[in-house]
Amino acid sequence: MNETIALIFIVVGITFDLFGCIGLVRMPDIYNRLQASTKCVTLGTCGILFGVLIKFGFSAAGVKALLCIIFLLLTAPVSAHALARATHRSGVKLWDKSVCDKYKDDKDALS
Amino acid sequence: MKFFRWLLGSVFLAGTIIFIFSYLKVGPQAKLMLYLLVSFLLSLFRVLKGPTPADRAIATDIFGILVIGFCAILAVYTGRDWYMDVAIAWGLQSFIGTLALAKFIEGKNFDE
């Protein structure tokens, strides 16, 4: 029973990983790529690690998987936000069909 | 031309998925790992092709997160615990490396 639930979580996680990487190749703009890939890959990897936690129970490897989930949920949005901010500040243009740029509006209002 | 590129990509992707699912004579665990390796190849394609340096930084970040999942699957299907140690260490190194790359792209020094 535990094996089946763990396998279901692992398969769902791998599906999300694959879709996130398709988004990384397919999207037209760097900001769209960042948004599509980071969220999907974080959720997929957390699914895989949760399947590992169910498979091993609360042994040494299972607790390490739980620690890895918490660490990943803390650090992946931070690194994605830092990359997006650095990209916008280094002057990369948005896609020409994008309609909204709130960060540029804020910088114009401050200066 | 754009439609042709779209058709080529979708045919390649669907062909790879169907080939792994039905024609390859390996076990189901190896099939799961091969699907994950396809996503590794897609992120490496973005590292090779990306127009700006920030694209390459994002693709290496995604690559680091994928390696954590791959180490977890290896820990399940080989039954060895120390792959989880590798996953935690890789996650730490990837996070710090991504922050350093973000500072470098922004064009400032490390101490401001």
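**Exercise 1. The nonpolar core**

Task: In this predicted model, find how many residues the largest nonpolar core has and which of them have the most contacts inside it.

Solution: 
- Start with the count: the largest nonpolar core has 51 residues.
- Next, pick out the residues with the most contacts inside this core, namely A:L49, A:V52, A:A65, A:L83 and B:A72.
- Now ask where the core comes from. Helix 1, helix 2 and helix 3 of chain A each give two or more residues, and so do helix 2 (28–49), helix 3 and helix 4 of chain B.
- Helix 3 of chain B gives the most, with 14 residues.
- Finally, zoom in on A:V52. Leaving aside neighbours within four places in sequence, A:V52 is in contact with A:A65, B:A72, B:A75 and B:V76.

**Exercise 2. Where the chains meet**

Task: Work out which helix of chain A supplies the largest share of the side that touches chain B.

Solution: 
- Count the partners: 39 residues of chain A are in contact with 38 residues of chain B.
- List the helices of chain A that supply at least two residues each to that side: helix 1 (2–26), helix 2 (30–56) and helix 3 (60–89).
- Helix 3 of chain A takes the largest share, with 16 residues.
- Sort the chain A side by class and you get 25 nonpolar, nine polar and five charged residues.

**Exercise 3. The overall form of chain A**

Task: Say what the radius of gyration of chain A is and how it compares with the globule rule.

Solution: 
- Chain A has four helices and zero strands.
- Its radius of gyration is 18 Å, well over the 13 Å from the globule rule for 111 residues, so chain A is more spread out than a compact globule.
- As for burial, buried residues make up 40% of the 111 residues in chain A.

Technical notes
Residues numbered from 1 in each chain as written. Chains lettered and ligands numbered in written order. Predicted model: local features only at pLDDT ≥ 70, side-chain atom pairs only at ≥ 80, totals over all residues. Contact = placed C-beta atoms within 7 Å. Nonpolar A, V, L, I, M, F, W, Y, C, P; charged D, E, K, R; others polar. Core = buried A, V, L, I, M, F, W, Y, C linked by C-beta atoms within 7 Å. Buried ≥ 20, exposed ≤ 12 C-beta atoms within 10 Å, placed from the backbone. Rg over C-alpha atoms; globule rule 2.2 N^0.38 Å.
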